[in-house]
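Subject: Structure for your review

Dear colleague,

Please find below the structure that I am handing over to you. My notes on what was found in it follow directly after.

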Amino acid sequence: MTVYGVTGGSGALGRLAVRELLARGVVAHEVVALARTPSKAADLSALGVQVRAADYGDLRAQTAALAGVDRLLLVSSSEAGRRVAHHANVIEAAEKTGVSRIVYTSMLNVDGSTNPLAGEHRDTEAILRAAAVPFVTLRNGWYTENYTDQLGSYLERGEIVGAAGTGAISAATRQDYAEAAVVILSQDSDSARAYELGGPAFALAELAQVVHEVTGTPVAYRDLPTGEYVAALQSAGMGEDTARFVAALDTSIAHGDLQTDSQDLAHVLGRPPTSLADAVQDAYAGAAENDRLAPSSSRPAESSVARAALRSFGDL
Ligand SMILES: NC(=O)c1ccc[n+]([C@@H]2O[C@H](COP(=O)([O-])OP(=O)(O)OC[C@H]3O[C@@H](n4cnc5c(N)ncnc54)[C@H](OP(=O)(O)O)[C@@H]3O)[C@@H](O)[C@H]2O)c1
């Protein structure tokens with residue numbers, strides 16, 4: 001019997017990974033979902049999954065929650081600035097409890113990346129290299145949902161605004177990353193390696209074109225110099241530090257940090273990753289079903305951009 005653990009079990013990626021384990025035949029009580037807020041994972045408890053309370057910041061709770069876990073999917077913490085301490089706790093707890101393999105969700109091209117989030121992933125990978133537990137790193141690219149979650153705003157404004165220039169983004173859906181994580185977690189080999197995971201690359205102008213083609217609503221990409229993008233985000237209500245941070249993410253895209261030619265994701269999945277057009281189509285169908293595309297006259301369009309950016313990149 002192999003017991004699988006998944007951190008961030010109440011989050012979007014962790015939940016998909018837990019469900020993917022079950023879909024591939026793992027018995028529910030042999031899956032442990034670690035969650036800061038177990039009530040948010042009530043759907044998983046209802047399926048028979050063991051949901052255990054564990055804040056990333058609480059080493060003792062992590063150690064208790066990992067009891068009996070053999071293989072652990074360490075989904076990176078969403079609290080930027082505190083991630084390294086959070087991940088160090090999980091890794092130390094895994095060493096103490098005898099976890100046989102950690103699969104860690106890192107960042108695409110992490111070694112040379114100028115992305116402001118890359119440093120915490122590099123530091124975590126260094127902790128893993130020094131730890132006594134075999135590990136694999138999944139260097140995930142951007143989620144396609146970082147963009148498709150903003151579909152309503154794109155359609156409302158008729159444009160996508162950013163500062164990424166012609167930088168290409170090898171994004172993939174959370175579902176594809178979750179499936180890849182479970183494939184790798186399920187493999188019996190424990191050889192350490194890093195997978196560079198991403199889907200077919202697109203620039204933001206191509207994203208706008210795909211949104212237009214799928215929805216029939218004209219949408220264009222408007223590229224701004226970084227300073228003007230920061231100002232636009234601020235005028236939408238974002239604080240200066242956060243606006244600079246969000247703009248720096250686009251600067252990193254312009255540098256090519258989130259683009260890869262690696263076919264690792266397709267190889268691991270055994271199929272092509274979900275196309276951008278299919279992801280946009282799914283988001284459009286889902287949003288229309290939930291009536292989330294209706295323009296809101298009471299809400300400034302820029303505010304919806306800021307809200308979506310914040311939602312996409314977690315707690316900044
Ligand atoms: N590749 C990308 O484009 C991209 C984009 C955004 C984020 N990320 C990274 O990928 C990770 C997973 O993405 P996601 O979409 O699943 O994020 P998510 O839906 O925001 O889930 C984050 C999870 O982390 C949990 N969490 C936050 N702080 C915690 C703490 N102190 N202790 C324990 N759990 C804590 C949350 O628990 P609660 O339910 O209790 O809040 C939630 O379950 C993120 O955490 C972030 O590191 C990647």
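A polar contact, as used below, is a pair of N or O atoms within 3.5 Å; within protein, one must be able to donate a hydrogen and the other to accept it, and residues adjacent in sequence count only if both atoms are side-chain atoms. By this criterion, the side chain of Arg71 reaches the backbone oxygen of Gln187 at 3.3 Å.

The model is a predicted one, in which local features need pLDDT of at least 70 and side-chain atom pairs count only at pLDDT 80 or more, while totals for chains, interfaces and linings use all residues. Residues are numbered from 1 along each chain as its sequence is written, and side-chain values use heavy atoms, with hydrogens and water left out.

Individual residues

Arg71 belongs to strand β4 (residues 71-74); helices (H or I, at least four residues) and strands (E, at least two) are DSSP runs, numbered from the N terminus. Arg71 counts as buried because its relative accessibility is 10%, where buried means under 20% relative accessible area, exposed over 50%, and partly exposed in between (1.4 Å probe, protein chains only). Leaving aside neighbours within four places in sequence, Arg71 is in contact (heavy atoms within 4.5 Å) with Thr2, Val3, Tyr4, Gly5, Ser100, Arg101, Leu185, Ser186, Gln187 and Asp188.

Thr7 is located in the loop between β1 (4-6) and α1. With a relative accessible area of 1%, Thr7 is buried. Its side chain makes a polar contact with the side chain of Tyr56, at 3.1 Å. Not counting residues up to four places away in sequence, Thr7 touches Gly14, Leu34, Tyr56, Leu72, Leu73, Leu74, Val75 and Val90.

Glu125 sits in helix α5 (residues 118-130). Is Glu125 buried or exposed? At 3% relative accessibility, Glu125 counts as buried. Glu125 and Val84 are 41 residues apart along the chain, and their C-alpha atoms are separated by 9.6 Å.

Asn109 is placed in the loop between β5 (101-107) and α5. Although Asn109 is not a glycine, it has a positive phi of about 55°. Asn109 counts as partly exposed, at 24% relative accessibility.

Ala46 is found in helix α2 (residues 42-46) and counts as exposed, at 70% relative accessibility. Ala46 and Ala67 are 21 residues apart in sequence, and 21 Å separates them in space, C-alpha to C-alpha.

Helix packing

For the helix pairs, axes are lines fitted to C-alpha atoms, over the stretch in contact, and angles run from 0 to 180 degrees between N-to-C directions.

Helix α1 (residues 12-23) packs with helix α8 (residues 174-186) at an angle of about 50°, their axes being 8 Å apart. That angle makes α1 oblique to α8; angles under 35 degrees count as roughly parallel, over 145 as roughly antiparallel, 65 to 115 as roughly perpendicular and the rest as oblique. The crossing of α1 and α8 is right-handed, a crossing being left-handed if the near helix is turned anticlockwise from the far one by less than a right angle, and right-handed if clockwise. On the α1 side the contact is made by Ala12, Leu13, Leu16, Ala17, Glu20 and Leu21, and on the α8 side by Arg174, Gln175, Tyr177, Ala178, Glu179, Val182 and Leu185. These residues divide into nine nonpolar, one polar and three charged; Ala, Val, Leu, Ile, Met, Phe, Trp, Tyr, Cys and Pro count as nonpolar, Asp, Glu, Lys and Arg as charged, and the others, Gly among them, as polar.

Helix α9 (residues 204-215) and helix α13 (residues 276-289) have axes 9 Å apart and pack at an angle of about 55°, and are therefore oblique to each other. Their crossing is right-handed. Leu207, Val210, Val211, Val214 and Thr215 in α9 meet Leu276, Ala277, Val280, Gln281 and Tyr284 in α13. The contact of α9 with α13 comprises eight nonpolar, two polar and no charged residues.

Helix α10 (residues 226-235) and helix α11 (residues 240-254) pack at an angle of about 135°, with axes 9 Å apart. α10 passes α11 in a right-handed crossing.

Yours sincerely
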